[in-house]
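The sequence and the model come first.

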Amino acid sequence: MRIVLLGAPGSGKGTQAQRLVERAGIPQISTGDLLRAAVARGTELGRQAREAMDGGRLVEDSLVLGMIRERLGEPDTRRGFILDGFPRNLAQAHALERLLEALQQPLDAVVQFEVDYRELVRRISGRRTCADCGRVFNMLTSPPAASESCPKTGAPHRLTQRPDDNEATVAERLRVYDEKTRPLIDFYRARGLLRVIDAAGDVNEVTRRLAQALGAPLRAPRGAKRRARKGAGARPTHHKPTRKRAVRQSPGKLARRKRAVARKVRAVGRGKSPRATPAGRGLKGRPR
Ligand code: ADP
């Protein structure tokens, strides 16, 4: 299943995407997380992205698209993916459409998370992330339990606030969402892909609405319920190929497929596909 989660900052896309990863066994691709990782590693991309992120503006399309092309070329996306925070403007949406067309992997659904402005601000101000395991909490609605420890360190979670979660930057991010991202609702509605859910209220209730909006593929994978009963939780299954699949996909075949995908991705990047135009032209160059 290939889906896009669309919604304002603080609408809960990231939290629900993490739950989807467990239920559907497909990876979450968050451009925000990828960019923050690049900033933390001090790469050239991170250096170029940092100023826009700190100001609550969008990072340049060419940087984000390069990152997405690379990520969608990785083999764990073959069974599907959850795009979280991408696309964020019309140029990115058109570029994604062309890329997925070339890969013959069209989107199955786009889910729009509806939450009102005041609730968004409230949620963002309470948001904290564990610096070690990356899990996101909300001090107002879902703080870590007193007895809970970080799976990475075994110690209590080290909670940090994102540098762009301050008042001024949040206001700018919400403004940018309205101006650049909201038009994607009509873009995907016109393609018959849009599903809208009420993302206010209890987090489990939102998970239920999301599952309902997406339909059957979201039922927990085989064995997940049994593992959950045993206390192991519904672990992601995407890195655990069945014996049958492991036999069918020899290393040579996998490598050939990976090279073919990389070729297609490069071709799209160079504008070689029949319908492709150079991606990442910036916000002004509205693609066809
Ligand atoms: P949120 O949805 O809460 O704003 P994200 O983690 O998705 O948080 O994004 C954080 C920041 O990263 C954004 O404010 C923006 O600067 C940058 N960013 C993330 N995704 C994109 C994207 N698709 N295009 C441009 N900039 C992005």
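Helices (H or I, at least four residues) and strands (E, at least two) are DSSP runs, numbered from the N terminus.

I keep in mind that this is a predicted model, in which local features need pLDDT of at least 70 and side-chain atom pairs count only at pLDDT 80 or more, whereas totals for chains, interfaces and linings use all residues. Residues are numbered from 1 along each chain as its sequence is written, and side-chain values use heavy atoms, with hydrogens and water left out.

**Entry 1: overview**

I counted 12 helices and eight strands in the protein. Of its 288 residues, 42% count as buried, where buried means under 20% relative accessible area, exposed over 50%, and partly exposed in between (1.4 Å probe, protein chains only). With contact taken as heavy atoms within 4.5 Å, I find that residues 24 or more positions apart account for 71% of the contacts with a separation of 6 or more.

**Entry 2: helix α2**

I looked up which residues of α2 (31-41) are buried, and found Thr31, Gly32, Leu35 and Ala38. Seen down the axis of α2, these buried residues fall within an arc of 125°, so they line one face of the helix; the arc is that of the directions from the helix axis to the C-beta atoms. The face turned away from this buried side carries the exposed residues Ala40 and Arg41. Among the elements that cover the buried residues of α2 are β2 (28-30), α3, α4 and β3. Just after α2, I note that Gly42 takes a positive phi of about 70°.

In α3 (residues 44-55), I find Gly46, Ala49, Ala52 and Met53 buried. They cover an arc of only 130° around the axis, which puts them on the same side of α3, while Arg47 and Glu51 are exposed on the other side. The cover over the buried residues of α3 includes α2, α4 (61-72) and α7 (167-181). Just after α3, Gly56 has a positive phi of about 80°.

How do α2 and α3 cross? Their axes come within 8 Å and cross at roughly 115°. In the contact, Gly32, Leu35, Arg36, Ala38 and Val39 of α2 meet Leu45, Gly46, Ala49, Arg50 and Met53 of α3. By class, I sort the contact into six nonpolar, two polar and two charged residues, with Ala, Val, Leu, Ile, Met, Phe, Trp, Tyr, Cys and Pro counted as nonpolar, Asp, Glu, Lys and Arg as charged, and the others, Gly among them, as polar.

**Entry 3: cysteines**

Cys130 counts as buried at 2% relative accessibility, and Cys133 as partly exposed at 25%.

**Entry 4: backbone details**

As a reminder, most residues other than glycine have a negative phi, and most peptide bonds are trans. I found a cis peptide bond that joins Phe86 and Pro87, with omega at about -5°, and Pro87 sits in the loop between β3 (81-84) and α5 (90-102). Gln104 has a positive phi of about 55° although it is not a glycine; it lies in the loop between α5 and β4 (109-114), and at 63% relative accessibility Gln104 counts as exposed.

**Entry 5: two residues and their contacts**

Arg19, in helix α1 (residues 13-24), counts as partly exposed at 26% relative accessibility. Not counting residues up to four places away in sequence, Arg19 touches Val203, Asn204 and Thr207. The C-alpha atoms of Arg19 and Thr207, which are 188 residues apart along the chain, are separated by 7.7 Å.

Glu148 is found in the loop between β6 (136-138) and β7 (159-160), and at 24% relative accessibility I log Glu148 as partly exposed. Leaving aside neighbours within four places in sequence, Glu148 is in contact with Arg135, Phe137, Pro156 and His157.

Terms used: Axes are lines fitted to C-alpha atoms, for helices over the stretch in contact, and angles run from 0 to 180 degrees between N-to-C directions.
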